[in-house]
Amino acid sequence: LHSGGSTSRISSQDRLRVISGHLHQRAQDGHAAVSAQECKAEASRANPAKAAPVPKRRHDIMKWNGWGYSDSRFLFNKKGQAEFTGKRYRLSGLILPSLKDWFEGTFGANLQHKSPATPALNVSAVPPPNLNESFVEELKAAGVALSQEPEDRVFRSHGHCLHEIFALREGRISRVPDLVVWPSCHNDVVKIVELACKHNVCLIPYGGGTSVSSALECPPEETRSIVSLDTSQMNRILWIDEKNLTAHVEAGIIGQDLERQLNESGYCTGHEPDSMEFSSLGGWVATRASGMKKNIYGNIEDLVVHIKMVTPRGVIEKSCQGPRMSTGPDIHHFIMGSEGTLGVVTEVTMKIRPVPEYQKYGSIVFPNFQQGVACLREVAKQRCAPASIRLMDNEQFQFGHALKPQVSSIFTSFLDGLKKFYITKFKGFDPHHLCVATLLFEGDREKVLQHEKQVYDIAAKFGGLAAGEDNGQRGYMLTFVIAYLRDLGMDYYVIGESFETSVPWDRVLDLCRNVKERIVRECKERGVQFPPLSTCRVTQTYDAGACVYFYFAFNYRGLSDPIHVYENVEHAAREEILANGGSLSHHHGVGKLRKEWMKEAVSTVGLGMLKSVKEYVDPSNIFGNRNLL
Amino acid sequence: MASKSLYSGRDPVLKKRDDFEDVLEERRNSSDLRYALRCYTPALYKGLVPCKASMLKSIVLQSDSLQYVVGQVSAECGESREAVQEEAALLLEEMAHRLQLGTIRFFAFTLSKAFKALFRGVCVNEEGIQRLQQAIQEHPVVLLPSHRSYMDFLMMSYILYTYDLALPVIAAGMDFISMKFVGEMLRMSGAFFIRRSFGGDKLYWAVFSEYVKTMLRNGYAPIEFFLEGTRSRTGKSLTPKTGLLNIVMEPFFKGEVFDVNLVPVSISYERILEESLYARELLGVPKPKESTSGLLKARRILSEDYGSMHVYFGHPVSIRSLAQGHISRSQHNLLPRHIPQKPTADTQAFVNDTAFRLVRLQEENMVLKPWVLLATLLLQNPDGMDLSTLTEQADWLRRLALAFGAFLDWPDHEPCSKVISSSLALHKNLVCVSGGRVRLVVEELPGAESATEEAGFNRAVSVLSCASYRNQILHLFVRPALIAVAMQTANCSRKDEVFNCFNFLRNVFSNEFILCPGAAVQDFEEACYLLGKCGAVQELQQDLVMSQSGQTTLAFLCSVLDPFLQGYQVVCRYLCEELEENLLENKFVPAVRSFTLQLILSGSLKCYEALSSDLQKNALAALIRLKAVRRVKAGDQVTLKVNKIAVNSLEDTLGKTNPCLRRL
């Protein structure tokens, strides 16, 4: 997903303009633009932000009980047509004529049967805060921003797991943080952690809030005061080092702001997880995030050069920025994936790259999923994967089709018909088996075109047909609207979720088939009336395997406890993944949702190692979110 | 556990069984030719990877797993890769089937004629067929018929063709291949041939297992094989072999298929074609080598009446549900799946357990004819019975069998005496009625005395033929009978004492009968329940006591086991008394046989069943298992080392169960 989904191609002229502007400025004031070391974000912002950063009162612009911005949502209008509101996305304001039929057909749902959410947060249902008064006093004295408003606390009490959102929609509030604090720089965090240790308060770091592993859930058994440490105000790029192509950034910055601000200087990190509109740099580090374009830029562990984290024992960081070291086990790997159990990541030095000259989407139709996987495997073998290459199965291809906006001209619709005819009739692809790979190429124009040809040539050997840029782009669009779509489904008795894994190449097909079938079977056995949507795509390729992403959703009419059913099925699906040689998680993390399998996943000794680190770093369990271990 | 259906319920009587339909009925009323040429369009597996038989071979030969073993073998024996690959191709050529619809049509025509001549009816449970049709579409299917006759697999394919179901590929023993023309015909009707023993031959195993697994994974066809490994000559189920079952389960364990359905099929014959052939074989007359001319000579059997046969397709058993909680599939995560791996102890135990349970399912759905009851009674009365007594006791036994959950095909609307007389008539080669007395037919020797070896042998043929029918019902009685004997032996009614005796006997006989390993407690409870239900015993808190009316039932049950107790004792006695220093294993059976025959001729043993080589081999296997006898390999020869003290004490213990033999 490109930030805001707005630009797909940057002309070289534009780029030169950006760069020359940037150079010009640089000549005048050197590092001054971004080098301020003092501690107040607003004051030091050299270039007053064009786009507003994340506000403290997030619920002013974001949904309190659903995904994303309040102004952007799917709905079925009076004519029964689906539309997407707001102005933020390419799809905003458009009608999606085929979504209704797909929705009703796939889930057996009916627009007459609504299951609306509680319209507003019932403040009286929020338990009163359990405050540690002396902690609060000292915090106030130190000048740290804080709040005990119910809206602020509820907003930070959850991630985006189905059960979390479902409970909010029903107006059910369980344990929520007792206090929210907003440090504005590293030193604020040091103070907060010191005070938390002193007063034995439980800290839960909160970045973008996009967790899907129950990582943000407050442990119900926690008796201490729980403080949510919201990093959103630590959002500055502190410096850019063009000689080494690194940027030093405060960890609270969210993906879209980071990319936008770097773009202004002609750079990017290239790290684009699907959640990048909302997720934060610190969150990426804490969960070992993966970006869509990792083939060029790498995953978070490849991008990070230096990390600063505040723990109850003090600050942990390396003494230099050497690109690789042999100094015992890499301490970064204790931090990455620690899921907020050891401390707060405050500042990160990341690799940056010049903004690519040229970007091009593409897509390939395969006669079936097997051929598609074989092609991706070959691409990985030849190490010529584009910035992104993803393979959707047939169900997801049909899903993607249902999201086609109304066609404006007869010509386009005629062209679509012609394409369909060519693929299904002339080439003999079965519309119920064919599947689509979406591609994104990046780099300088000539190389992109060359690269493109190489990939299409490989695809041809596996029966793949080039299917145009539009299809490719729409495929990537699906990624960011899917979360909004879940809210629409929940308005009509449909619940769902996605989960992921990574698996060696030779097991990809078996794993996909078995997990999808397991989901269908478990739903049936648990009394789900209509067959579920059970679909997958291969989203990343590696030398030795791939990342597979599953979507699973069903119509829950007639079930007394749909969330329980959902959780049982997801549990069974995860068991199936593990039985088929898949990993516990590729990038979502473990949180509390997948904790039970950690021992199996890393062995008893492995788990013991992690526990002993926790024991040393945080003996009083100040970072008490109880994730992972 | 999701596999409840696989376990015998607490009350087998309540087991609901399907109705039958006679497939020959339509054959008798319409053209066989049209039937053989009709449109055949079976429903196929949803995940089918379409491929021809020849294509199949190249998939197997190119597979990673075979390539791996070829590399291994070539490194070990120093031959070139190509040579080993060539060898593998030859093995596959020898093995592979060439299933052709044309041949099936030919068989459909000729077998229609033959079956109509042989059988009054071929009854199939249609609901089972419907379940199978469903199962075939959902997951790869493995058909597991019982094996009592050569007829079995022809009949299976015939029925599947009749019902428009996917035709199976069948694992058959190599012995057929020597029947020139017939072997090839069978190959073209879907049989693939496996050598009887290929012990350590890595390459053979690799070719064979990959061939089966490829067909399974691709959903090529249902795979059919006999769990028992060979035809049972005794009418009892044989201890299952787990080799092939292991192979068909592996694709599931390794995640290559979502599930595999195992379908037990029970094929029962009112009269077995090979009846007296089997008895002679058990007495040491070697079985005739399969040959085409032999088959043609067997034509005369076409003129005889073999009654009806029943084929019951059981509920498909999902390996996935069975394995749930028993097998961790993730154990295969750390090794490339094409590298052959010995199954772990857990896996082996699971496969073994499953094999036993499947055989029990076969047994449970085996249809029993009234003759089976008559044979049981006649064997307990070797001097013959009055027809009236037989009728009376048969009626009693019928009720007992039904109480135990027998799948008895007894015509309800007919009077008991009529049922019996028609049964006797069908088996007139085994029994005769003269002067109101029913006795076994024994081939008379002109003018000879009754005490010669040959006379004894002739009588044994009759007894063993008859026993092969009684044996069909043993699975029903064996557990209660073990309790009956245990109660008699324990000489005390304490339940734990009885259980100990029961457990001992069960252990001794676990090569003889299908007794699931490790299920002693379950078996005991099941048997207690049945005995309580039929009013023979009362189960109290601590005790198990015979009820007043239980005497007849318990005595009957004891005599059911009697031939086996006596037979095992004879084997023990032989090993104690007669054994020379080094008995070669392959001399064991003839030696025991002549020892036994001498006991019979001297009049000290009445039990002709002790002559059965099957029983003798089972007894030896049990003694080896109980470590009373040791096998010592020296070169090609295996000798038996007997621990006389152990064997003697075993004989003693068995003797306590059977006072009559003590008297000898």
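Modeller: This is a predicted model. Between chain A and chain B the count is six salt bridges.

Biologist: What makes the pair B:Arg320 and A:Glu576 a salt bridge?

Modeller: The N to O distance of their side chains is 2.7 Å. The cut-off is 4 Å between a side-chain nitrogen of Lys or Arg and a carboxyl oxygen of Asp or Glu, so the label holds.

Biologist: Which helices of chain A supply at least two residues each to the side that touches chain B?

Modeller: Helix 18 (508-525) and helix 19 (562-579). The largest share, six residues, comes from helix 18. By class, that side of chain A has nine charged, three polar and two nonpolar residues.

Biologist: How much area is buried between chain A and chain B?

Modeller: About 1,300 Å², with carbon and sulfur atoms giving 31%. A:Arg507, A:Glu517 and A:Arg521 supply 41% of what chain A buries against chain B, more than any other three residues.

Biologist: Now to A:His248, in strand 9 (residues 246-250) of chain A. Why is A:His248 called buried?

Modeller: Its relative accessible area is 8%. Buried means under 20%, so A:His248 qualifies.

Biologist: What makes the pairing of the A:His248 and A:Glu347 side chains a polar contact?

Modeller: The distance is 2.8 Å. The limit for a pair of N or O atoms is 3.5 Å, so the distance passes. The side chain of A:Thr349 also makes a polar contact with that of A:His248, at 2.7 Å.

Biologist: Which residues beyond four places in sequence is A:His248 in contact with?

Modeller: Among them are A:Arg236, A:Leu238, A:Trp239 and A:Val348.

Conventions. Residues numbered from 1 in each chain as written. Chains lettered and ligands numbered in written order. Predicted model: local features only at pLDDT ≥ 70, side-chain atom pairs only at ≥ 80, totals over all residues. Heavy atoms only, no water. Buried area = accessible area lost by both parts, 1.4 Å probe. Helix = DSSP H or I, 4+ residues; strand = E, 2+ residues; numbered from the N terminus. Nonpolar A, V, L, I, M, F, W, Y, C, P; charged D, E, K, R; others polar. Buried < 20%, exposed > 50% of the residue type's maximum accessible area, 1.4 Å probe, protein only. Polar contact = N/O pair within 3.5 Å; in protein donor to acceptor, adjacent residues only side chain to side chain. Contact = heavy atoms within 4.5 Å.
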